[in-house]
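Dear colleague,

I am passing the structure below on to you, and my notes on what was found in it follow. Please read them with the model open beside you.

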Amino acid sequence: MARADADASRSGRHLHGAALKRQHTREQWSVLSLVVPALIVIVLIILIPLSWLFYLSFLGDNGGFSLENYHKMTQYKSYYRIFVTTFQVSILTTLACIALGYPLAFFLAQLPPRWAGVFMLAVLLPFWTSLLVRTYAWLVLLQKRGILNEFAMQVGLWETPIKLVHNMTGTLIGMAHIMLPFLILPLYNAMRKIDKDMMHAAANLGANPINAFWRVYFPLSLPGMVAGSLIVFVLCLGFYVTPAVLGGGRVIMVSNQITAILENQFDWGAASALGVVLLVATTFTLYLAARVFKFDAALFGRD
Amino acid sequence: MNWWNRPAADTQITHGGRLWLYVLSAIIMLLLVAPTLIVVPMSFSDSQYLEFPPSTWSLRWYEEYLGSTKWMRATATSFQVGLLTMLVATPLGVMAAYALFVSRHRATKAIFLLLITPMIVPVILIAIGTFYAYGRVGMNNTIAGLVLAHSALALPIAIIVVTAGLRSYDLSQEQVARSLGATRTKAFFLITLPQIRFSVITAALLSFLTSFDEVIIAIFVSGGTNATLTKHMFAALRDYIDPTIAAISTIMVILSSALLLSIQFLGPRGNKN
């Protein structure tokens, strides 16, 4: 606006043009102002509360600035264990998702779009079903006298029922199930964009199917896989419900610890500091993802 | 056996050579879907214990659910919060998506990033942050507080879905309407909105589902008579297992399947935005 004014005063001849420009600028602002209500919601729910937590995390017992909440984290062994558990669960879940998600995404990407849409329902149905429902289902499937134990004993995999739930195993199984769609959707989208002629050319130049896959297709699908994996990893870092229910108190991740601190000690400083660390880890991972390739397109797998 | 030897892809690999992939994919799809659907037969069990498959059948858990004041009240709260979230997030999301799509301003990218932060920030932080902030202004355990927080979660989804719809729509149609004398508002409602309606409906349904299924924020900021279904379910899963949950889960699976299928099949054919 200021520039338009300056232009207009500098030369009277372009007054008309300047007026048009001004009107255009005003129009632009009036359109942009439509984001204001949404922004207000984000400021109220995300920015203000997060800044508050950030502030609390640097507040010492004496009410002044202090790093004691962060210092505590490096001091106690229990914190160390929680970070290790969090990373362990996140990495193992991501690997499980890659192992299961890649073949399925590949299968779907090879189908004609009409059929892929039908089979895709197998991915979308769990994706949009409450994670509480799915966690509950795993609780039932994995219990001592559950269908999985019964089946394994009938087939002869093991003789007595083994403990599959209320521990790390159950947590990992449940988490992998919940996270799988988050890997498959962006990976499938990336695979669909791979030029079919590439594989054609590879075959034409004498590559056998296995060679063509590993040397042409796989490298081309890698960005989609990395994107999906990072999304899964980041979501795992902040996971709460599944470890709380399927871990039976034995798998304590950062989010569970934050709640525990608030429930038992009501220590907002310590909880906030842990939250800030979680946020930094998350943001850093996503920053890496954004650097690897354009992130927003892959975020939802439907651009 | 003809199919067996037919090439399945450009590399001339045969369907027979890919049999392992088909089998593996079928198993993975079964693993994905089965745990979601298993709650349905379980809800008709007559047993106190979690057993699958059930030995005797009954409707007792549905009776229990429908006869319980606690569960009925929680269901009403969840629906109320879900619908209100939908009514807040959808128009706000459409407005924001439209503005960011039309505007050529330099700040649009930064604003977009800001608007999708609820997707990036771990939900536990949003939960304790709003819990703390609401504590200061007395908004904990209120419907309004929960709706506001859930709207923040639903906004990025609504914006992304509507933006996808706008991308496949030719904006020059709206420009034509405006050059013929329609105001921008009139042009939007008469020309643009009808053409992106499927994206808007999808955004609305997903906003509802986001709120209806949300657990962590509900655990913190909802309570008392305004506790949601998910809050009670989480407590029940963590502390004692009440088979009533199977009945409730079945209802939730049916609800999300119905919403998902309507999104898939309501949309314009061949173009699923």
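**Two helices of chain B**

The axes of α5 (residues 69-102) and α14 (residues 229-239), both of chain B, come within 7 Å and cross at roughly 135 degrees; axes are lines fitted to C-alpha atoms, for helices over the stretch in contact, and angles run from 0 to 180 degrees between N-to-C directions. Helices here are DSSP runs (H or I, at least four residues) numbered from the N terminus. On the α5(B) side the contact is made by B:Lys70, B:Trp71, B:Ala74, B:Thr75 and B:Ser78, and on the α14(B) side by B:Leu229, B:Thr230 and B:His232, where two residues are in contact if their C-beta atoms, placed from the backbone, lie within 7 Å.

This is a predicted model, in which local features need pLDDT of at least 70 and side-chain atom pairs count only at pLDDT 80 or more, while totals for chains, interfaces and linings use all residues. Residues are numbered from 1 along each chain as its sequence is written, and chains are lettered from A and ligands numbered from 1 in the order in which they are written.

**Between the chains**

In chain B, 71 residues are in contact with 73 residues of chain A. B:Leu209 sits in helix α12 (residues 197-213) of chain B, and B:Leu209 counts as buried because it has 24 C-beta neighbours inside 10 Å (buried means 20 or more other C-beta atoms within 10 Å of its own, exposed 12 or fewer, and partly exposed in between). From B:Leu209 to B:Met252 there are 43 residues in sequence and 9.9 Å in space, C-alpha to C-alpha.

**Domains of chain A**

The domain assignment, which is automatic or from a database, gives chain A a domain 1 (2-56) and a domain 2 (76-299). The C-alpha centres of these two domains of chain A lie 41 Å apart. Leaving aside neighbours within four places in sequence, A:Met179 is in contact with A:Thr93, A:Cys97, A:Val232, A:Leu235 and A:Cys236.
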